[in-house]
Amino acid sequence: MVDMKANPFYLSDDDCKWVEDTIAGMTLDEKIGQLFFNMGSSREEEYLKMTVEKYHIGGIRYNPATADEVYEQNRILQENSKIPLIIACNTENGGDGACVDGTTIGSQTKIGATKDPKYAYQLGYLSNKEAAAIGCNLSFAPVSDILYNWENPVIGLRTYGNDVDRVVEMTKAYLDGAHANPGFCCAAKHFPGDGLDFRDQHVANSVNDYSCEEWDATFGKVYEGLIANGLEAVMAGHIMQPAYTRHFNPEIADDDIMPATLSPELIQGLLREKLGFNGMVLTDASHMVGLTCRMKRSDVLPAAIAAGVDMFLFFNEMDEDFASMKQGYLDGRITEERLSDALHRILALKAHMGLHKKTAQMPPREQVHEIVGCKEHQEMQKEISEKSITLVKYKDADVLPLTPERYQRIMIVYVKGLEAPGLGAVFAKNKVSPAEKLKEKLSAKGFDVFLYESPIAKMMKEMEAGGKPDLNVYFAGKTAVQDFVGNQDLIITLVDIAGGFQPVARPAFGMTKGGGEIPWYVHELPVIVIGTKQPFVLADIPQARTYINTYDVLDSTFDALVEKLMTGADAFTGSDPVDAYCGIWDTRL
């Protein structure tokens with residue numbers, strides 16, 4: 001059973017009495033409801049009241065909204081819930097993970113590039129100060145994964161790097177920063193650790209295939225540090241860890257090895273017994289195929305709780321999932337002891353947050369806009385941008401600095417990734433592209449800047465205007481190299497590919513020959529390749545002789561980038577936190 005007076009809860013006798021009295025006074029439906037983290041599909045008052053009155057949910061994560069909208073949602077929920085709620089946010093990168101008008105502080109990889117844990121602390125502190133101001137009390141962060149495989153499609157910019165000691169130091173610093181906000185807690189993810197597989201558990205199986213000894217020295221070291229530092233919750237990923245599963249269950253068949261969310265060997269054996277974690281465990285989102293492909297959904301719900309998980313993210317269909325969870329208790333798959341243990345951990349966390357004290361549930365409304373998006377937080381964003389931009393590769397040591405006298409005419413070649421189906425393209429419409437943004441900033445410094453237009457783009461534009469382009473002109477003809485080179489003094493190849501949650505993380509050049517998208521001309525004139533998000537562009541452009549990672553496309557980042565380009569190589573202070581060379585020998589040529 002949970003020790004509510006020990007790390008991470010540290011409850012008083014009165015706090016423990018509240019937990020025990022609350023559980024004793026709950027109906028079975030109320031107990032089952034506490035196991036669920038709802039993903040709020042509406043902010044209408046009627047819907048919000050229904051979720052707490054009919055389903056008795058224990059916590060909520062919600063869709064993006066403004067600070068005012070989230071605050072009002074949280075107020076309605078807390079005022080109408082019999083038992084106060086855990087309200088979670090994804091403040092991995094900043095307060096923008098709590099509300100859309102929150103401050104982006106910087107991705108974890110960007111923070112890792114500063115080499116300074118004080119910025120990880122500031123990320124944890126400032127992000128969750130904004131989250132707390134609108135009534136949130138738990139962050140699904142820090143991301144505690146280690147990126148060993150550059151082709152991993154999930155972690156991207158969400159890691160502090162591939163150096164274990166740096167990840168240990170910075171995840172602990174984030175946790176310290178979050179804890180500087182009274183009552184605010186963290187759920188580290190994704191146990192037992194992502195960053196090895198090239199597959200995405202959103203759409204397929206995912207495996208951490210380290211041996212027990214390798215795991216102890218890497219991912220285990222990260223979780224040991226966080227647990228010792230008072231980590232309150234762990235998010236179990238839909239990730240299998242065969243070595244430790246077999247360690248705790250030597251007779252297990254391969255077909256029975258489960259992701260952590262369904263694995264008593266990993267939750268009870270590795271996390272609880274070996275690592276000594278006394279806090280709360282929750283699943284990652286339950287619609288991910290790494291979970292749903294393992295068994296029927298009606299079995300997944302009780303199986304997760306039976307394996308040692310305390311809270312389940314999220315409902316699919318509310319009546320159906322609630323009934324499946326309840327049935328799992330009624331038929332004994334969830335034992336009375338396991339249900340009691342889960343409830344004690346959930347309510348102990350709420351008491352640790354101070355949620356059982358009515359005055360602690362919602363902060364004053366008037367402070368919301370004093371905190372969210374404030375100038376102090378914007379200044380920290382600028383400071384991190386200035387410290388993090390990394391000159392990864394610099395083979396031609398005379399390219400920098402850029403001045404209008406040396407390179408009056410600059411062409412920007414804008415390279416994006418393949419367009420994946422989904423809402424991302426919808427949300428991205430009508431925004432100024434990073435290429436246009438960089439053009440404006442360089443033009444303001446006196447450069448003559450223009451954007452490259454590919455032959456295909458020209459052909460499509462002509463066709464949209466009703467013309468009938470001569471395909472031979474676009475595909476058969478070749479521009480003389482002398483003419484191509486003579487049109488500009490320097491080329492910037494700006495590669496803008498998402499750095500996390502992407503099904504496709506490679507550049508889409510459009511043409512394989514005859515155009516200017518691919519920098520075939522690196523020996524013809526100066527070329528600077530810039531990765532704006534995904535930091536592994538060298539895998540696809542190994543011929544780049546000057547390569548920079550900016551980690552994002554914020555205005556503050558591009559301001560700092562332009563200043564550094566015009567100052568020279570020594571102005572770049574960022575340190576590559578991953579392996580931007582991708583472990584491929586020719587990327588260093």
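**View 1. The buried side of helix H4.** In H4, the buried residues (under 20% relative accessible area, against over 50% for exposed and in between for partly exposed, with a 1.4 Å probe and protein chains only) are Ala67, Val70, Tyr71, Gln73, Asn74, Ile76, Leu77 and Gln78. They pack against helices H3 (45-53), H6 (117-133) and H16 (368-371), plus strands E2 (59-62) and E3 (86-89); contact here is heavy atoms within 4.5 Å. H4 itself covers residues 67-80, and its 14 residues reach 20 Å from first C-alpha to last, close to the 20 Å expected at 1.5 Å a residue. That expected span is 1.5 Å times one less than the number of residues. Helices (H or I, at least four residues) and strands (E, at least two) are DSSP runs, numbered from the N terminus. Bear in mind that this is a predicted model: local features need pLDDT of at least 70, side-chain atom pairs count only at pLDDT 80 or more, and totals for chains, interfaces and linings use all residues. Residue numbers start from 1 along each chain as its sequence is written, and side-chain values use heavy atoms, with hydrogens and water left out.

**View 2. Phe191 and the largest nonpolar core.** A nonpolar core is a set of buried Ala, Val, Leu, Ile, Met, Phe, Trp, Tyr and Cys residues joined through side-chain atoms within 4.5 Å. The largest one has 124 residues, and Phe191 is one of those touching the most other members, along with Phe37, Ile134, Leu138, Phe140, Leu282 and Met325. Helix H15 (residues 336-353) supplies the largest share of this core, 9 residues. Skipping residues up to four places away in sequence, Phe191 touches partners including Trp215, Tyr223, Met235, Leu266 and Leu275. Apart from this core lies another, of 26 residues, among them Tyr407, Ala435, Leu438 and Leu442.

**View 3. Arg272, a buried arginine in helix H11.** Arg272 sits in H11 (residues 264-274) and is buried at 11% relative accessible area. What does its side chain reach at 3.0 Å? The backbone oxygen of Phe277. A polar contact of 3.0 Å also joins the side chains of Arg272 and Asp310; polar contacts are N or O pairs within 3.5 Å, where within protein one atom must be able to donate a hydrogen and the other to accept it, and residues adjacent in sequence count only if both atoms are side-chain atoms. Beyond four places in sequence, the contacts of Arg272 include Asn278, Gly308 and Arg345.

**View 4. Cys99, a cysteine without a disulfide.** With a disulfide taken as two cysteine sulfur atoms within 2.5 Å, the count comes to 0. For Cys99, the nearest cysteine sulfur belongs to Cys136, 7.9 Å away. Cys99 is buried at 1% relative accessibility, and Cys212 is buried at 12%.
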